[in-house]
Amino acid sequence: MFFHPCIPALLVFLLMLSGPLRAEGYASEYRLSSVLDSAFPWGQAAERWADLVREKTRGRINIRAYAGASLVGGDQTREFLALQRGNIDLAVGSTINWSPQIPELNLFSLPFLLPDYKAIDALTQGEVGRELFALLEKAGVMPLAWGENGFRELSNSRRAINSPGDLKGMRFRVVGSPLFADTFLALGARPVQMSWVDAQPALASGVVDGQENPLSVYLASNMGAFGQKYLTLWHYVADPLIFAVNQRVWASWTVADQQLVRQAAQQAARENIDKARQGILASDSLTAARLEAGGVVVTQLTAAQRAAFVQATRGVYGKWRREIGSELVERAEKAISLGR
Ligand code: X2X
């Protein structure tokens with residue numbers, strides 16, 4: 001048989017064009033979903049994970065991050081379903097957005113369960129965190145690491161909020177879990193459920209008066225500039241993130257590559273938590289001073305004021321304790337009081 005002398009060189013050239021050598025059964029691209037984009041610690045975490053995986057696997061696993069929950073048409077409450085079914089390959093998702101499918105994830109949204117960052121860590125880095133990860137795994141999703149969106153604070157365009165009575169009659173945009181609607185109803189407000197994509201125009205046009213989101217989100221989306229002038233730092237619920245992969249996609253990777261993807265998730269998650277707490281952790285007052293200089297009225301609750309909010313939402317806590325599972329909530333309360 002006759003081979004043209006150029007054929008080996010041509011083959012090498014074609015191989016180079018086809019990109020890095022991929023193991024059999026690997027896709028040329030994997031799609032990763034997040035709600036917030038790279039202007040926020042959350043979106044930065046998604047991109048960081050993708051970059052680290054590409055680096056560590058030398059391009060065998062090529063992940064592309066899609067923000068704005070765009071892979072589910074902006075409906076962030078459907079992100080977990082899409083991840084389960086394999087319409088999305090990976091996600092950095094919020095416990096709130098995934099709670100319609102995994103009700104136990106409502107744990108972090110129980111009003112005033114978590115007094116501080118130590119309490120969040122006691123749950124996510126302890127037995128309760130492992131228990132929740134086991135539930136996700138049973139549902140067809142492989143969870144790899146806990147990240148953080150943050151403690152959620154309250155902003156509005158109408159007046160300073162110091163007591164539950166101050167919310168009366170105001171319309172607040174709330175996220176997808178019905179637990180949030182219950183909490184705001186208990187406080188005398190009018191909750192309006194909508195996705196993040198719809199929330200920003202609704203706030204700008206005054207369709208709703210207020211919203212609740214972590215300080216990092218309030219700052220990066222510049223909410224003070226479009227009317228959200230009153231900010232109450234009440235830390236009423238926390239919003240951890242979960243780095244996860246669809247299970248069939250996970251199973252299609254070699255054990256060595258799974259290990260690299262897991263390490264990358266853990267590294268990106270650690271960096272994400274640091275970033276989400278930056279300027280907030282030890283220096284709430286610094287951030288508050290900066291905001292006040294920009295014309296925002298910042299309210300920090302005294303212990304007695306906080307107690308009034310706790311009292312007003314006790315009924316919601318009791319109802320949702322049962323929905324989540326009383327035993328799980330009890331284990332969480334114990335872990336928080338022991339600090340682990
Ligand atoms: O929609 C929100 O408020 C956000 C961005 O914080 C979540 O996805 C939970």
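Biologist: Is Glu323 buried, partly exposed or exposed?
Modeller: The model is a predicted one. In it, Glu323 counts as partly exposed, because its relative accessibility is 47%, and partly exposed covers the range between under 20% for buried and over 50% for exposed.

Biologist: Where is Glu323 found?
Modeller: Glu323 belongs to helix α14, which covers residues 314-324.

Biologist: Let us turn to the ligand. Which residues come nearest?
Modeller: There are 13 residues around the ligand, and those that come nearest are Gln76, Asn97, Arg152, Arg173 and Asn213.

Biologist: What classes make up that shell?
Modeller: The shell around the ligand has 5 nonpolar residues, 5 polar ones and 3 charged ones.

Biologist: How does the side chain of Gln76 stand to the ligand, in Å?
Modeller: An N or O atom in the Gln76 side chain is 2.8 Å from an oxygen atom of the ligand.

Biologist: What about Arg152 and Arg173?
Modeller: Arg152 has a polar side-chain atom 2.9 Å from a ligand oxygen atom. For Arg173, an N or O atom of the side chain is 2.7 Å from an oxygen atom of the ligand.

Biologist: How much of the ligand does the protein bury?
Modeller: The protein buries 100% of the 270 Å² that the ligand exposes when taken alone.

Biologist: Which cavity does the ligand take up?
Modeller: The space taken by the ligand is the largest cavity.

Biologist: Now the backbone. What is phi of Arg58?
Modeller: Phi of Arg58 is near 50°, which is a positive value in a residue other than glycine. Arg58 sits in the loop that joins α2 (41-56) and β2 (63-66).

Biologist: Is Arg58 buried or exposed?
Modeller: Arg58 is exposed, because its relative accessible area is 71%, and the exposed class begins over 50%.

Biologist: What about phi of Ala69?
Modeller: Ala69 also is a residue other than glycine with a positive phi, near 50°. Its place is the loop between β2 and α3 (79-85).

Biologist: And is Ala69 buried or exposed?
Modeller: Ala69 is buried, because its relative accessible area is 1%.

Biologist: Another topic: where is Ile120?
Modeller: Ile120 is part of helix α5, residues 117-124. Ile120 counts as buried because its relative accessibility is 2%.

Biologist: What separates the C-alpha atoms of Ile120 and Val237?
Modeller: The separation is 9.9 Å, for two residues that are 117 residues apart along the chain.

Biologist: Where does Pro164 lie, and is Pro164 buried or exposed?
Modeller: Pro164 lies in the loop between β4 (141-156) and β5 (171-174). Pro164 counts as buried because its relative accessibility is 16%, and buried means under 20%.

Biologist: How are Pro164 and Gly188 placed, C-alpha to C-alpha?
Modeller: The C-alpha atoms of Pro164 and Gly188 are separated by 7.4 Å, and the residues are 24 apart along the chain.

Biologist: Finally, what can be said of Leu301?
Modeller: Leu301 is in the loop between β9 (297-300) and α13 (303-312). Leu301 counts as buried because its relative accessibility is 17%.

Biologist: How far apart are Leu301 and Ser163?
Modeller: Leu301 and Ser163 are 8.7 Å apart in space from C-alpha to C-alpha, and 138 residues apart in sequence.

How values were computed:
Residues numbered from 1 in each chain as written. Predicted model: local features only at pLDDT ≥ 70, side-chain atom pairs only at ≥ 80, totals over all residues. Heavy atoms only, no water. Near = heavy atom within 4 Å. Polar contact = N/O pair within 3.5 Å; in protein donor to acceptor, adjacent residues only side chain to side chain. Areas by Shrake-Rupley, 256 points an atom, 1.4 Å probe, with all protein chains shown as cover. 1 Å grid on protein atoms, 1.4 Å probe; cavity = no way out; pocket = protein on both sides within 12 Å on 5 of 7 lines; lining within 4 Å. Sits in = over half its atoms within 2 Å of the grid points. Nonpolar A, V, L, I, M, F, W, Y, C, P; charged D, E, K, R; others polar. Helix = DSSP H or I, 4+ residues; strand = E, 2+ residues; numbered from the N terminus. Buried < 20%, exposed > 50% of the residue type's maximum accessible area, 1.4 Å probe, protein only.
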